[in-house]
Amino acid sequence: MTRKLALSVSCISLAAAYPVTAFASEADQIDYHASHNDEIVVTALRGASRVDTISGVAIVNAEQLVANLRPSLGDSLTHTPGVSATSFGPSASRPVLRGLQGERVKLLSNGIGSIDVSNTSVDHAPVVNPLLAQRVEVLRGPQSLLYGSSASGGVVNVIDRRIPNAIPDEPVHLSAMGGYGSAANERMAAMAAEVPLGGNWVGHVNGSWLKTDDLRIGGHALTPALRAKALATSLLPPEEGAEEIDFAANAALKGELPNTASRTWTAGAGVAYVTDQGNIGIAYGRYDSLYGVPVRFATEQGQGQESPRIKLRQDRIDARAELVPNGDLIEKLAFRFAYGDYVHSEIEPDGAVGTTFSSKGMEGRFEVVQADRGGWKGVSGTQFVTRDFNVVGEEAFLPRNSTEQIGLFTLQQLESGPLLVEGGLRYEHTRQVSKPDASHPEFFSGARTFNTFSAALGGALTVAPGVKLALNGSHTERAPSAEELFANGPHAGTSSFEVGNPDLKTERVWAVEGILRANLSGIRFEASVFHNWYTNFVYEDRTGNIEDGLPEYQIRQANARLYGFEAELDATLAKLGAWTVKSNALVDYVHSNIDGVGPAPRIPPLRVLGGLSAESAKFDLGAEVEHVFAQNRVAAFETTTPAYTMVNLSATWRPMGEDGSLSLVLSANNLFDVEARRHASYLKDYAPLAGRDIRITARLEI
């Protein structure tokens, strides 16, 4: 599939991926019909071009999402350098950034957290809707500190227009998308509209619908080793009183992944008052989904196999206010707030409710943006987060708990000729309180308080026209999450018995990153190398014990190292009449080691991708080959993952030309129907990726 992902590499920038802060260009935000030019980075200082941008951010705009969109956010971003996915089935897939996932990767919606429980477990789908996105921005490295210590691994920000920031110059501005994917009989549609209401008021409505059947896969559901184990078990006499399981049928299962069907719908509305001196607005959204969790098929006697479905709902309110005095000292004051009421229930095959998760949370940000004074500019502010969380049911592996967090931050930047220097500081106070009821004496009862300090400093130098070198360093401190501190019980979603550690210490990491970036005539090359040194790195250790019939995982801490590199190349090979022939390539790699333990679990292996495309005003044709190497460096009790190669083809038609409002994309993904397993997935040995998938997607914007 032709890939057009914008990756900006740089020194440190703590002010990325927040589209309504002062570093966003007003012009880029108010022009509804502006070309989706990935050379303009909205989160750069004043919307600078990619050549001048210093913030490390990968951008996927709305047109590119048409080609790469999948039901889950994680799987929609896997063509971005340094990004993999948890792939816990087609519906619950979170991004993995530079080998880190879960609590270390923060998901944002318009710069504010997703306010869900997807960080609690990989079977919980993130409540961030890529179908309505105008663009998605991925941050890796120290620049993500602006969004909290829990973003130490990176940030993924999904940007939409739920709160309008401009008034269309037409009676109605409409964006719509629809599509079909053959691998899961996937049907989807999405719509958003902005309407001028008069007197500087503008309204917004949106909605989306997605329905899939069980996912078709390219081979067997189980790996060869598990198939052999299941076949051997099928020859044994059944244990008395044990659940009746057809082990031979489990071994033979191929072509389809049971219990992966889903349906999701969303609806929302917003209103804003917009002037040249600022704006204020509010929006409401509802997210409703029912999806199946892939079955972890039994291969030995004594194992159970469950096929739960998860029914979730979130009601969310967003608010925004900006004042633009354009003074000598202050350029803008910006406030952003969201409240979310989330609940999901795990539904057993007989329809009974097993366990219910609920979370109510708020997050807010206030920023003061300094005016540019001789090349010196900056932003300072505060952020607060609250969450009340509870689990009720027979598999409640967490107690009722609450989180309160407040952070103070500043980013300062000085530019002088070819040299640019940035530095940032963040202080964060976090209080985690466990409040179990008397019927759950197994849980820790009490509170933990953490005070953390983080800092970053870096510089970028233009060494030649279009060529930049950058070096940055950072020290980040992260407070352990409530899940890492307080868990103690069985969790069917991950088939594990999870044991937290209330005595965890603050996780600390020193990180350095070097970057080379070249944007020359017909060639764009970007590469980065990084090395992180962790103290008190939090990880899951499989102890070898069995509790409640499930393998026990204990949360522990140790020193660790994580390093790797990413590189991306785009080159124009030739111009043949109306056609431009281009090539692209991508490579990324992560290496990890925990002192006294060995490799960290679920680290993606080396990956390379190469493609060719032919582009014109009305048509684009593309082909790409992605090879993911085998992962043989594995943690204790973790299995190796074989290599795989996928071939993808795509064709895009713009009936009105490249500036037209309609585009249609036809693509063939995993053309040769290979059996592929993603090492970052907890379920990789039971649930491979989609097989051959023929997709057609249409996007309209008028």
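The protein exposes about 26300 Å² of surface, and carbon and sulfur atoms supply 59% of that area. This is a predicted model. Of its 702 residues, 60% count as buried.

The protein contains 6 helices and 34 strands. Its radius of gyration is 25 Å, close to the 27 Å given by the globule rule for 702 residues, so the protein is as compact as a globular protein of that length. Taken along the principal axes, the box filled by its C-alpha atoms is roughly 80 × 60 × 50 Å. Among the contacts with a separation of 6 or more, 67% are made by residues 24 or more positions apart.

One residue may now be followed in detail. Arg-431 belongs to strand 21, which covers residues 419-434. The relative accessibility of Arg-431 is 36%; the residue therefore counts as partly exposed, since that class lies between the buried limit of under 20% and the exposed limit of over 50%.

The surroundings of Arg-431 come from other parts of the sequence. When neighbours within four places in sequence are left aside, Arg-431 is in contact with Ser-402, Thr-403 and Glu-404, and also with Ala-447, Arg-448 and Thr-449. With Thr-449 there is a polar contact between side chains, at 3.5 Å. Gly-458, by contrast, stands 27 residues from Arg-431 along the chain, and the C-alpha atoms of the two are separated by 31 Å.

Notes. Residues are numbered from 1 along each chain as its sequence is written. This is a predicted model: local features need pLDDT of at least 70, side-chain atom pairs count only at pLDDT 80 or more; totals for chains, interfaces and linings use all residues. Side-chain values use heavy atoms; hydrogens and water are left out. Helices (H or I, at least four residues) and strands (E, at least two) are DSSP runs, numbered from the N terminus. The radius of gyration is taken over C-alpha atoms; the globule rule is 2.2 Å times the number of residues to the power 0.38. Buried means under 20% relative accessible area, exposed over 50%, partly exposed in between (1.4 Å probe, protein chains only). Contact means heavy atoms within 4.5 Å. Accessible areas come from the Shrake-Rupley method with a 1.4 Å probe; for residues, only the protein chains shown count as cover. A polar contact is a pair of N or O atoms within 3.5 Å; within protein, one must be able to donate a hydrogen and the other to accept it, and residues adjacent in sequence count only if both atoms are side-chain atoms.
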